[in-house]
Amino acid sequence: ATFAMGRFQEIAAGTPFNLKQVANAGKVMMAFGLDAAVAVKQTERLGIIASATGGDMNNLSKNLGQIAAQGQAYTRDLTQFAMQGIPIWAEMSKVTGKSVTELKKMASEGKVSFDIVSQAIKNMTAEGSSFEKIYKEMQDSLIGKMQGLVGAFQEFAGTFVSTFLKMDQALGGLVTGALDALINEI
């Protein structure tokens with residue numbers, strides 16, 4: 001969990017999404033059965049894609065998580081990606097060497113594996129890809145820099161609260177005990 005949260009903070013800092021949006025996307029994929037490391041990597045890729053297309057990160061994570069849980073993608077699953085401006089069919093065609101028509105038939109029969117979809121998403125976000133280039137440009141923009149500041153502040157605030165609570169605990173709960181007493185009097 002600590003590893004995932006640290007990575008989610010980094011992803012949020014580099015995308016137009018806040019930490020809550022990124023963490024929710026990762027949490028959704030983990031709920032569908034992806035292990036933490038895979039969920040983090042897929043969240044990063046979906047963040048890049050959603051940044052470039054204006055797609056909904058939450059919907060993308062639900063869709064990819066569902067494909068992972070099923071083990072295969074059906075036409076409706078892949079259409080969800082296409083509706084968000086993601087050229088999933090064309091990229092899967094490159095991955096498999098099959099035509100889009102063949103892939104659509106395979107999808108209607110539930111014969112497109114999660115691995116094919118995952119590889120297509122990986123290819124779309126690889127170094128030098130058009131999505132990755134758009135993502136890099138966004139990071140250099142003012143909005144990207146502001147999101148980076150927000151992410152850094154969120155990380156600082158979390159560290160501050162954690163450190164404060166540890167110090168209070170070392171003091172026997174002196175501060176939180178006093179606050180609780182004050183609240184109870186009001």
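Predicted model: local features only at pLDDT ≥ 70, side-chain atom pairs only at ≥ 80, totals over all residues.
Local features need pLDDT of at least 70 and side-chain atom pairs count only at pLDDT 80 or more, while totals for chains, interfaces and linings use all residues. Residues are numbered from 1 along each chain as its sequence is written, and side-chain values use heavy atoms, with hydrogens and water left out. Helices are DSSP runs (H or I, at least four residues), numbered from the N terminus.

**Helix 2 with helix 4**

- Helix 2 spans residues 19–31 and helix 4 spans residues 57–70.
- Their axes come within 8 Å and cross at roughly 15°. Axes are lines fitted to C-alpha atoms over the stretch in contact, and angles run from 0 to 180 degrees between N-to-C directions.
- Helix 2 and helix 4 are therefore roughly parallel to each other (angles under 35 degrees count as roughly parallel, over 145 as roughly antiparallel, 65 to 115 as roughly perpendicular and the rest as oblique).
- The crossing of helix 2 and helix 4 is right-handed, meaning that the near helix is turned clockwise from the far one by less than a right angle.
- Helix 2 contributes V22, A25, V28 and M29 to the contact, and helix 4 contributes M57, N58, S61, K62, L64 and G65. Contact means heavy atoms within 4.5 Å.
- By class, this contact has 6 nonpolar, 3 polar and 1 charged residues. Ala, Val, Leu, Ile, Met, Phe, Trp, Tyr, Cys and Pro count as nonpolar, Asp, Glu, Lys and Arg as charged, and the others, Gly among them, as polar.

**Helix 6 with helix 7**

- The axes of helix 6 and helix 7 (residues 100–108) come within 9 Å. They cross at roughly 95°.
- Helix 6 and helix 7 are therefore roughly perpendicular to each other.
- W89, A90, M92, S93 and T96 of helix 6 meet V100, L103, K104 and A107 of helix 7.
- The contact of helix 6 with helix 7 divides into 6 nonpolar, 2 polar and 1 charged residues.

**Salt bridges**

- Side chains of opposite charge can pair when their charged atoms come close.
- The structure holds 7 salt bridges (a side-chain nitrogen of Lys or Arg within 4 Å of a carboxyl oxygen of Asp or Glu).
- One of them joins the side chains of E44 and R7, at 3.2 Å from N to O. E44 lies in helix 3 (residues 36–53) and R7 in helix 1 (residues 2–14), so the pair ties together parts 37 residues apart in sequence.
- Both E44 and R7 are buried (under 20% relative accessible area, with exposed over 50% and partly exposed in between, using a 1.4 Å probe and protein chains only).
- D77 pairs with R76 in a salt bridge, with the closest N and O atoms 3.9 Å apart. D77 is buried at 2% relative accessible area.
- K94 forms a salt bridge with E91, with the closest N and O atoms 3.7 Å apart. K94 and E91 are 3 residues apart in helix 6 (residues 88–96), so about one helical turn separates them.
- K94 is exposed, at 64% relative accessibility, whereas E91 is buried at 12%.

- V22 is found in helix 2. Its relative accessible area is 0%, so V22 is buried.
- Leaving out residues up to four places away in sequence, V22 touches F8, I11, A12, T15, F17, T43 and M57.
- V22 and Q9 are 13 residues apart along the chain, and their C-alpha atoms are separated by 8.0 Å.
- F3 lies in helix 1. F3 touches A37 and V40, not counting residues up to four places away in sequence.
- F3 and Q70 are 67 residues apart in sequence and 26 Å apart in space, C-alpha to C-alpha.

Conventions. Helix = DSSP H or I, 4+ residues; strand = E, 2+ residues; numbered from the N terminus.
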